[in-house]
Amino acid sequence: VPRFMDQNAVNVSAMAEQLASDIRYTQTLAMTTGQRNRINLAAGSYQITTSTGGLLTHPATGDTGPIPLNDVTLSGWNPPLTNNYVAFDGLGVPYSLVTSSTGLTGSATITLSAGGDTRTVVISRETGRVIVQ
């Protein structure tokens, strides 16, 4: 008997993995350039920018525009990320403020959801390690 996959679950999982990958890319870019870069989060998209808001090209799309989440909603960044972004310095340490000298006070959790399905992306506070749960 064929088994039908819940399309929402597949889409949420795919978008969570893509977001995690792009957060890692943003962190790596900050480390290789020695400058803070950030990932800006919105309810239905996200974008990679410099610490001053300059747009950075997404490696897969070759575009600087927001990355749509295809019917998946972002929410619940916890601890609260000021202005809905997380920034990384040249050492890969995550910050909730671009100009701050203090990293995140706790691991940042970003929730993705569609229908009744959810996944979370967690950014560790000191190391910036990114995992999908």
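In which order do four strands form an open sheet, and is the pairing parallel or antiparallel? The order is 4-7-8-9, and the pairing is antiparallel. Strand 4 (73-78) and strand 9 (130-132) are the edge strands, each pairing on one side only. From one strand to the next, the twist averages 20°, with axes taken as lines fitted to C-alpha atoms and angles running from 0 to 180 degrees between N-to-C directions.

A few words on the ground rules. This is a predicted model, where local features need pLDDT of at least 70, side-chain atom pairs count only at pLDDT 80 or more, and totals for chains, interfaces and linings use all residues. Residues are numbered from 1 along each chain as its sequence is written, and side-chain values use heavy atoms, leaving out hydrogens and water. Strands are DSSP runs (E, at least two residues), numbered from the N terminus, and two of them pair if DSSP finds at least two bridges between them.

Now for charges over rings (CZ of Arg or NZ of Lys within 6 Å of the ring centre and within 35 degrees of the ring normal):

| Charged residue | Ring | Distance from ring centre |
|---|---|---|
| Arg36 | Tyr95 | 3.8 Å |
| Arg38 | Tyr85 | 4.5 Å |
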